[in-house]
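Work through the exercises below with the sequence and the model open side by side, and try each task before reading its solution.

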Amino acid sequence: MRSLIAGTGSYAPAKILTNADIEKLVDTSDQWIVERTGIRQRHVAAPEEATSDLALAAARRALESAKLDPADVEMIVVGTVTPDYQFPSVAAVVQGKLGNKKAFAFDLTAACAGSLYALSIADRFVSTGAVKNALVIGADALTRITDWTDRNTCILFGDGAGAMVLRPTDEPGRGVLTTRLHTDGSLVSILLMPGGGSRDPLSQKVLDERSHFVKMNGREVFKVAVRALVESCREVLAAEGLTPADVKHVIAHQANKRILDATLERLEIPASRCWMNLEKYGNTSAASVPMTLDEANRAGWFQPGDPILMMAIGGGMAWGASIVRW
Ligand code: UT7
């Protein structure tokens with residue numbers, strides 16, 4: 001038995017912040033941002049919108065497309081680094097708002113790789129028959145932890161959520177095949193939010209140092225990202241006996257167009273096979289993969305059985321790749 005992605009959904013908040021808007025905040029230009037990242041605009045959650053609100057909207061759309069009653073969901077896992085509260089989980093808030101009593105619900109933290117990690121965990125439960133279905137969500141409001149005075153980071157991030165419904169299938173040639181996850185904890189310091197946690201609880205010092213915002217060594221992240229993504233994509237392809245030429249579609253974490261171009265070039269996969277939307281949304285962290293999957297799905301990009309290569313990387317560093325047959 002395998003898990004099939006039986007429905008997808010996504011949500012982006014209404015407010016749009018363009019590169020021209022960011023030019024008014026920090027010393028940057030639309031041209032620089034487009035050339036270095038490919039990003040033209042991003043969506044920003046309204047003050048009253050929390051991560052669970054984004055997650056809930058995406059979840060409802062995914063459940064609708066899978067024709068699954070919210071009350072029947074048996075497992076909810078949310079990848080996020082911007083939960084509504086330190087605890088309880090976004091997943092618990094979503095479960096409550098869906099009016100569901102059946103599902104066990106929890107969040108996991110793997111930054112931008114969060115939804116790929118969540119997919120992999122949920123796949124283990126669904127494909128072994130432990131649950132009949134699972135709701136996998138990636139949701140982040142990264143603009144809430146963005147330092148709007150730091151031009152190295154504030155140009156990159158946007159808010160959103162994406163969701164997938166997993167169901168078991170015995171149909172040959174369909175479902176989630178191989179997923180491989182990796183972490184290199186020696187790289188914690190190159191991408192993190194250092195303040196406001198148990199190491200350095202919220203204090204005047206944290207506020208003064210602005211350490212409750214994302215800190216990133218962009219150049220290092222860039223280098224690690226290309227190498228790690230290429231390696232893990234090769235790993236999942238080899239596990240399935242596939243070559244890059246067999247890959248029909250690529251659904252990748254939308255971090256930076258140059259990272260994706262370099263990765264695809266090394267893998268010798270034409271860029272046209274990779275669905276891109278970072279020009280509209282920026283880097284939406286854990287939301288990125290399922291938002292992209294939903295957009296491509298709703299555009300009719302996938303046929304049953306199509307081999308799809310999924311990949312993501314984020315703070316930790318945490319990364320992975322997956323081969324799914326639609
Ligand atoms: O999900 C993972 C999350 N993180 C990422 O994906 C980030 C990965 N890294 C990147 O995407 C890129 O490293 C960035 C887009 C963040 C930066 O691009 P880069 O080509 O690596 O630029 P850089 O950091 O090497 O900076 C080049 C120059 C510097 O000036 P000097 O030192 O050469 O005079 C920066 O100060 O560009 C300057 N710069 C900017 N200029 C205009 C940095 N940020 C900006 C900016 N506008 N926003």
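For the sorting used here, Ala, Val, Leu, Ile, Met, Phe, Trp, Tyr, Cys and Pro count as nonpolar, Asp, Glu, Lys and Arg as charged, and the others, Gly among them, as polar. Bear in mind throughout that this is a predicted model.

**Exercise 1.** Describe the shell of residues that surrounds the ligand.

*Solution.* Begin with the count: the ligand is surrounded by 22 residues, and the closest are Thr28, Arg36, Arg219, His253 and Asn256. Next, sort the shell by residue class, which gives 10 nonpolar, 7 polar and 5 charged residues.

**Exercise 2.** Find polar side-chain atoms that lie close to the ligand, taking N or O pairs within 3.5 Å.

*Solution.* Start at Thr28, where a polar side-chain atom lies 2.6 Å from a nitrogen atom of the ligand. Then turn to His253, whose polar side-chain atom is 2.9 Å from an oxygen atom of the ligand, and to Asn283, which has a side-chain N or O atom 3.2 Å from a ligand oxygen. As for cover, the ligand taken alone exposes 950 Å², of which the protein buries 77%.

Terms used:
Residues are numbered from 1 along each chain as its sequence is written. This is a predicted model: local features need pLDDT of at least 70, side-chain atom pairs count only at pLDDT 80 or more; totals for chains, interfaces and linings use all residues. Side-chain values use heavy atoms; hydrogens and water are left out. A residue is near a molecule or strand if one of its heavy atoms lies within 4 Å of it. A polar contact is a pair of N or O atoms within 3.5 Å; within protein, one must be able to donate a hydrogen and the other to accept it, and residues adjacent in sequence count only if both atoms are side-chain atoms. Accessible areas come from the Shrake-Rupley method with a 1.4 Å probe; for residues, only the protein chains shown count as cover.
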